[in-house]
Amino acid sequence: MEEKNHITEIEADNQKIIENNELNIWEALIPVFALVAMLFYNVFFVFGDDALSGSNQFILLLGAAVAAIVGFYNKVSYKRMIDEVAENVKSTSGAILILLMVGALAGTWLVSGIIPTMIYYGLQILNPTIFLAACVIICAIISIATGSSWTTSATVGIALIGIGETLGISLGMTAGAVLSGAYFGDKMSPLSDTTNLAPAMAGGELFAHIKYMSITTIPTITVTLIVFIIIGLSIDTTGTPDISDKLSAIKGAFNITPWLFLVPVVVIALIVKKTPPLVALLIGTLLGGIAAVIAQPDIIKAIAETETLDFKSAYKGVMNAITVDTSVETTSKELNDLFSSGGMKGMLGTIWLIICAMVFGGVMDAIGALARISKALLNIASSTFGLFASTVASCLALNVTASDQYLALVVPGKMFKKAYEDKGLAPENLSRTLEDSGTVTSVLIPWNTCGAYQSGVLGVGVGEYFFYAIFNWLSPFTTLLFAALRLKIKMIRS
């Protein structure tokens, strides 16, 4: 179908591609340059870590406004832009529902003691001889359980830094091990916002993304563990790590029992059986709620603000855990931040970011900018490897310039989506590359929100831990190696 002789809509693989013959490549890039410049100023000079509270989201809307001005100049109607924005937002409805359900599951798994039980047993694998490798494993377990690398490093990570220092181990080594494990867990956890955001931007599905991402992530973490074991065996350690206070604090606040592992086992079994993600997460949430009432009645009573546990108070306690902020106090100040959840409410910031990104992407689609940029990228990156390399470079550039890992996923995700489709590549290729190069490298940039946060929390400069954050800097090389060798490159089924 043609409109005003310069806009063409092409249906390909159930995707609508809008081409605008009036638009040249430099005009198509104007909104991108404007967006990156505004984000860089907003994060680096003004809001810092707090930029995701709303200012970055509004910057995405301003980027959309710049794209609209370019569109008006090139004879694109307002109605076409709004219609395309509506289509873009509609396409993320599944991802948004999954995000809400992830928040709900995190809430019930906290108050039921499932997450604390994982942490309790994870802490006990400490051993002085393999301390650094143990740091990786502990932080990986906790980060998978919580879906947050930030929370992991700010709680258990701080404790491990202290333990490592008493053993005479370099702070940079310990911090690198902590961050390697924390970001591995963050990437692989369905509770993680970035793990949900990447497939949402690429047009993929959450559990397919996690499964496909394991192809590059597991070899990377394996190499990381081997290196840390070698380092650990080659250095002298003194003393024995004392974690008894942490274990006592967890046991004092929760009823810890291996039976609680039945809930995650059921959810994993459902995922393996290819149960739809929303169904698996809903069942996991409900089972977590039931487990909370049975295993942690005192916590449920405290949340419901009642002294007796009846149906009404149990319902109120579980519903609060599912929907709003919930926390469980322990005797350990370091652990208190770990045992808190925002429920469904805690996911609203990421959902807000996704919607605003879809507005920007929708306008860029409508004016033909994404199609124009995709064509240019395909001309430059004529090979599949070239496309993967361009994606990695873009994610790294956004982490350096826009100073935020979320934007390093959002902007390249929208920009490269059509280029991958044109190459016949499944969306999992893009979402995996976004995480392998966008999520994990953010902590290696001192002025990035992640780099600034982690170095501040752990008390170790980025320069000190950079080399030892092996998983983080090795991940982009692994994804490029797989692309160069064309290993496990998934194509769109015809």
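Me: Why is glutamate 305 counted as exposed?
Reply: Its relative accessibility is 70%. Exposed means over 50% relative accessible area, buried means under 20%, and partly exposed lies in between (1.4 Å probe, protein chains only). So 70% makes glutamate 305 exposed.

Me: What kind of model is this, and how are its residues numbered?
Reply: This is a predicted model, with residues numbered from 1 along each chain as its sequence is written. Local features need pLDDT of at least 70 and side-chain atom pairs count only at pLDDT 80 or more, while totals for chains, interfaces and linings use all residues; side-chain values use heavy atoms, leaving out hydrogens and water.

Me: Where does glutamate 305 lie?
Reply: In the loop between helix 14 and helix 15 (311–323). Helices here are DSSP runs (H or I, at least four residues), as are strands (E, at least two), and they are numbered from the N terminus.

Me: What is noted about the phi of glutamate 305?
Reply: Phi is near 55°. That is a positive value in a residue other than glycine. Arginine 486 is not a glycine either, and has a positive phi of about 55°. Arginine 486 sits in the segment after helix 24.

Me: Why is the pair of tyrosine 41 and phenylalanine 45 called tilted?
Reply: Rings of Phe, Tyr and Trp (its six-membered ring) pair if their centres lie within 6.5 Å; planes under 30 degrees apart count as stacked, over 60 as edge-to-face and the rest as tilted. By this rule there are 10 aromatic pairs. The centres of tyrosine 41 and phenylalanine 45 are 5.7 Å apart, and their planes stand at 35°, so this pair is tilted. Both residues lie in helix 1 (residues 25–47). They are 4 residues apart, about one turn of the helix.

Me: What makes tyrosine 120 and tyrosine 121 an edge-to-face pair?
Reply: Their planes are at 85°, and their ring centres are 5.3 Å apart, so the pair is edge-to-face. Tyrosine 120 is buried, with a relative accessible area of 11%. Tyrosine 121 is partly exposed, at 33%.

Me: Which residues do ring pairs link into a cluster?
Reply: Phe40, Tyr41 and Phe45.

Me: What makes lysine 187 and aspartate 436 a salt bridge?
Reply: A salt bridge has a side-chain nitrogen of Lys or Arg within 4 Å of a carboxyl oxygen of Asp or Glu. Here the N to O distance is 2.4 Å. So the pair qualifies. Lysine 187 lies in helix 8 (residues 171–188) and aspartate 436 in helix 21 (residues 427–439), so the bridge ties together parts 249 residues apart in sequence. Both residues are buried. The structure holds 7 salt bridges.

Me: How do you know that aspartate 298 and lysine 301 form one too?
Reply: Their N to O distance is 3.5 Å. That is within the limit, so they count. They are 3 residues apart in helix 14 (residues 297–304), about one helical turn. Aspartate 298 is exposed, at 56% relative accessibility.

Me: Which parts of the chain does the pair of glutamate 428 and lysine 490 link?
Reply: Their side chains meet in a salt bridge, at 3.8 Å, N to O. Glutamate 428 is in helix 21, and lysine 490 is in the segment after helix 24 (470–484), 62 residues apart. Glutamate 428 is buried, at 8% relative accessible area, whereas lysine 490 is partly exposed, at 35%.

Me: Why is glutamine 454 called buried?
Reply: Its relative accessible area is 0%, so it falls under the buried cut-off. Glutamine 454 sits in helix 22 (residues 449–458). Leaving aside neighbours within four places in sequence, its contacts (heavy atoms within 4.5 Å) include Ser149, Trp150 and Tyr465.
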